[in-house]
Amino acid sequence: MYRAGPRCSWPGFDSCSRPFTACLSRLFSPVSYLSLTRCRQHRWRCAEVTFTCSDGPLCQHWISSIREQLATITSRPKHLLVYINPYGGKRQGKRIYEQKVAPLFAQAGVSTHVIVTEYANHARDHLKTEAELEKFDGVVCVGGDGMFSEIIHGLIWRTQIDNGVDPNCPDETLSGCSLRIGIIPAGSTDCICFATVGTNDPVTSALHIIVGDSQPMDVCSVHHNNTFLRYSVSLLGYGFYGDVLTDSERKRWMGPARYDLSGLKMFLTHHYYEGTVSYLPARGIIGTPRDAARCRSGCVVCQHNGQLHSERAEKSDGEWRTIRGKFLAINAASMSCACPRSPKGLSPAAHLADGTTDLILVRKCSRFDFLRHLLRHTSKDDQFDLTFVEVHRVRRFRFMPRHCQSDSELELDLQENSKHQIFSQICRDHPACGCAPAYSSWNCDGEILTHTAIDVRVHCQLINLFARGIEEPCLSVDAHRIFHLETL
Ligand SMILES: CCCCCCCCCCCCC/C=C/[C@@H](O)[C@H](COP(=O)(O)O)NC(=O)CCCCCCCCCCCCCCC
Ligand SMILES: Nc1ncnc2c1ncn2[C@@H]1O[C@H](COP(=O)(O)OP(=O)(O)O)[C@@H](O)[C@H]1O
Ligand SMILES: [Ca+2]
């Protein structure tokens with residue numbers, strides 16, 4: 001009755017299936033279709049399926065049924081606004097889009113308006129003011145985390161202005177963005193793609209867009225003295241990751257390898273920074289940063305905490321807590337920040353859409369100990385199980401570098417450790433002495449922040465991506481090969 005391609009089987013044979021509406025478009029007359037197959041390491045590929053049937057009327061019946069079924073799927077985008085950063089990563093964004101993504105969109109009947117950016121912040125500013133958003137079902141970003149950051153800045157800002165929300169007020173509840181965002185990875189780290197899809201593969205991302213997947217995501221707003229600075233969805237890092245980013249920008253010509261060289265340099269430099277971190281612990285939620293469970297497709301922790309957040313807002317949260325100290329790194333990971341360099345990420349148990357961020361404090365320690373901590377990002381060992389590392393799941397936090405502290409706070413410090421205070425003052429005034437500098441910078445999703453004293457707040461599920469979170473590996477017999485077709 002039918003003949004499927006060698007890599008496909010008929011729905012119903014698959015014991016581990018979830019609805020996988022995979023049919024993309026009719027390719028050839030009368031009954032050849034593109035379908036999706038799952039491959040190793042969360043990759044998706046297209047497969048062609050040909051149905052042959054000697055009974056003409058039955059064949060026509062199949063065709064019209066398939067068409068009807070496809071027409072009922074409203075979540076699939078039909079018109080997309082695409083921004084390509086031609087200078088991200090290895091400068092392959094345009095080629096990747098033209099060769100791997102555009103043909104799939106065309107086959108799936110998705111129309112596109114493509115803009116190749118001409119300068120930094122071109123995409124952000126176009127989205128903020130010019131783009132006719134009502135014409136599109138989604139925005140596609142071809143580039144790295146920095147390019148994605150441009151897109152969310154444009155979209156979130158525009159949404160707030162359209163809804164009369166003041167983005168400069170840190171206490172405002174932000175309006176959620178209605179357009180979903182797709183990421184075609186073509187940058188250097190691409191951690192937002194990796195942590196939401198499980199792989200950095202342009203074809204897989206294109207297919208998630210085509211089938212109309214949806215993954216909500218938290219966004220942090222960063223303010224300084226009631227002035228908006230930036231939004232962040234992955235890493236906000238002061239100290240080590242800020243310094244790595246600052247140093248790596250001078251080596252952009254090296255491509256993605258710049259991070260490894262700057263990482264090694266900043267590891268050897270071993271700067272620490274003094275300051276005060278205050279945070280509002282997330283109360284009433286399920287999940288902790290030390291959980292063994294991971295945020296995966298259809299995550300119940302995100303569903304539960306997202307619901308809790310919309311019902312009770314922040315009223316149930318406890319008291320602010322304050323920690324002063326000397327830190328090698330202060331990192332806030334709003335998602336795992338998994339990427340090829342660290343497949344489990346900076347905070348492996350962080351959630352994409354639970355309304356919290358994991359605040360990781362790495363106190364001053366020896367180079368050897370810091371290396372132990374860093375190495376654990378690449379192994380099964382727990383990077384938080386060290387005396388000089390602490391992690392808190394929070395809804396808000398603030399950071400104040402020591403030299404920005406008020407006179408009374410500095411006086412208190414002076415009483416605590418008068419000798420050191422005098423020395424550090426001298427060193428600050430004489431940078432040539434080689435002691436630790438007073439300031440680092442914040443690495444905000446790969447962009448450098450100009451302010452060091454910041455006020456950060458998590459906005460639960462503010463944006464939606466064309467993704468479904470990382471899927472658990474399927475345990476069926478040929479799970480390691482190709483998965484089953486569940487087209488209709
Ligand atoms: C010794 C090996 C240690 C490996 C430690 C790896 C930890 C990696 C965690 C990465 C978290 C990344 C979070 C994402 C940040 C991105 O938003 C952001 C922008 O991405 P884009 O360029 O695509 O726009 N990327 C970054 O800021 C890059 C951070 C990369 C950090 C690399 C650190 C390498 C450290 C190497 C230390 C070497 C010590 C060797 C001693 C013998
Ligand atoms: N046409 C352009 N020319 C120069 N810079 C650009 C352009 N378009 C975007 N950018 C900027 O390039 C930076 C890096 O982009 P990204 O795509 O994240 O690549 P990478 O992952 O290599 O850092 C971002 O800060 C972004 O704003
Ligand atoms: Ca989160």
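Predicted model: local features only at pLDDT ≥ 70, side-chain atom pairs only at ≥ 80, totals over all residues.
Start with ligand 2. Its shell counts 20 residues. Gly-89, Gly-144, Gly-146, Glu-150 and Ser-188 are the closest. Sort the shell by class, and you get nine polar, six charged and five nonpolar residues.

Where do these residues come from? Helix α4, residues 145-162, contributes the most, with four. Both domains take part: domain 1 (1-213 + 466-488) and domain 2 (221-464) each supply at least three residues.

Now the polar contacts. I have three to show, and each goes to an oxygen atom of the ligand. Glu-447 places a polar side-chain atom 3.0 Å from an oxygen of ligand 2. Arg-258 also uses a polar side-chain atom, at 3.2 Å. Met-147 works from the backbone instead, with a polar atom 3.2 Å from a ligand oxygen. As for cover, ligand 2 has 560 Å² of accessible area on its own, and the protein covers 87% of that.

Are His-351 and Thr-356 buried or exposed? His-351 has a relative accessible area of 3%, so it counts as buried. Thr-356 is at 2%, so Thr-356 is buried too. The cut-off for buried is under 20%.

That's the tour. Questions, please.

Conventions. Residues numbered from 1 in each chain as written. Chains lettered and ligands numbered in written order. Heavy atoms only, no water. Near = heavy atom within 4 Å. Polar contact = N/O pair within 3.5 Å; in protein donor to acceptor, adjacent residues only side chain to side chain. Areas by Shrake-Rupley, 256 points an atom, 1.4 Å probe, with all protein chains shown as cover. Helix = DSSP H or I, 4+ residues; strand = E, 2+ residues; numbered from the N terminus. Nonpolar A, V, L, I, M, F, W, Y, C, P; charged D, E, K, R; others polar. Domains from an automatic or database assignment. Buried < 20%, exposed > 50% of the residue type's maximum accessible area, 1.4 Å probe, protein only.
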